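Hello,

Here is the structure I promised to pass on. Please open it first, then read my notes below.

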Amino acid sequence: AWSQVENQYQRRADLIPNLVETVKGFARQEQETLTAVVEARAKATSIQVDASTLDDPKKLQQFQQAQNQLTGALSRLMAVSERYPELKSNQNFLALQSQLEGIENRIAVARRDFIASVERYNTEIRTFPGRIWHTLMYS
């Protein structure tokens with residue numbers, strides 16, 4: 001019975017790092033996409049074009065480059081959202097939580113079974129006829 005408890009602990013030790021790395025991978029990809037959009041938006045809004053700067057080709061070119069970066073970042077975000085109607089990190093975190101919950105439940109069941117086995121053993125060696133066998137065999 002104890003080996004089942006150890007087996008479930010080992011299962012948890014083996015499974016959790018793999019699940020965490022999988023979730024991190026999805027979250028990292030989404031974070032990079034969203035970070036690119038936020039940075040491009042900040043850059044695009046930081047460059048202001050007014051009537052006085054319309055005559056400066058460098059300023060106009062900087063403004064256009066910032067707008068192009070924002071367009072590119074938004075198109076990547078749109079491609080992600082078209083392929084995946086909702087961002088997947090949330091689902092992956094929920095799946096990770098579900099897997100962890102399942103593992104913890106398995107551990108609890110294995111520990112409960114171990115405790116029940118110990119109780120049966122203790123009852124057997126303290127009652128008749130198990131007490132006689134225990135006295136003869138393990139005096």
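**What I found**

Asn-92 is found in helix α3. Helices here are DSSP runs of H or I with at least four residues, strands are runs of E with at least two, and both are numbered from the N terminus. Please keep in mind that this is a predicted model: local features need pLDDT of at least 70, side-chain atom pairs count only at pLDDT 80 or more, and totals for chains, interfaces and linings use all residues. Residues are numbered from 1 along each chain as its sequence is written, and side-chain values use heavy atoms, with hydrogens and water left out.

Back to Asn-92. Is Asn-92 buried or exposed? Asn-92 is buried, at a relative accessible area of 19%. The cut-offs are these: buried is under 20% relative accessible area, exposed is over 50%, and partly exposed is in between (1.4 Å probe, protein chains only). Asn-92 is in contact with Val-23 and Phe-26, leaving aside neighbours within four places in sequence. Contact means heavy atoms within 4.5 Å. Phe-26 is 66 residues from Asn-92 along the chain, yet their C-alpha atoms are separated by 7.8 Å.

**The whole chain**

The chain has 4 helices and 0 strands. From the N terminus on, the order is α-α-α-α. There are 139 residues, and 18% of them count as buried. Now take the contacts with a separation of 6 or more: 78% of them are between residues 24 or more positions apart. The accessible surface of the chain is about 10500 Å². Carbon and sulfur atoms hold 55% of that surface. These areas come from the Shrake-Rupley method with a 1.4 Å probe; for residues, only the protein chains shown count as cover.

Gln-8 sits in helix α1. Gln-8 is buried, with a relative accessible area of 10%. Which residues does Gln-8 touch, not counting those up to four places away in sequence? They are Ile-103, Arg-106, Ile-107 and Ala-110.

**Salt bridges**

Side chains of opposite charge can pair when their charged atoms come close. A salt bridge here is a side-chain nitrogen of Lys or Arg within 4 Å of a carboxyl oxygen of Asp or Glu. How many salt bridges does this rule give? The count is 2.

- Arg-12 and Glu-104 meet through their side chains, at 2.6 Å from N to O. Arg-12 lies in helix α1 (residues 2-46) and Glu-104 in helix α3, so this pair ties together parts that are 92 residues apart in sequence. Arg-12 is partly exposed at 24%. Glu-104 is partly exposed at 38%.
- Arg-112 pairs with Asp-113, and their closest N and O atoms are 3.6 Å apart. Arg-112 counts as exposed at 53% relative accessibility. Asp-113 counts as partly exposed at 38%.

Look at Pro-129 next. Pro-129 is in the loop between α3 (89-126) and α4 (130-137). A cis peptide bond joins Phe-128 and Pro-129, with omega about 5°.

Phe-128 also belongs to a nonpolar surface patch of about 800 Å². Patches are made of residues with over 30% relative accessible area and no salt bridge; like charges are joined within 9 Å, and nonpolar side chains (Val, Leu, Ile, Met, Phe, Trp, Tyr) within 5 Å. Leu-136 is in helix α4. Leu-136 counts as exposed, at 62% relative accessibility.

Best wishes
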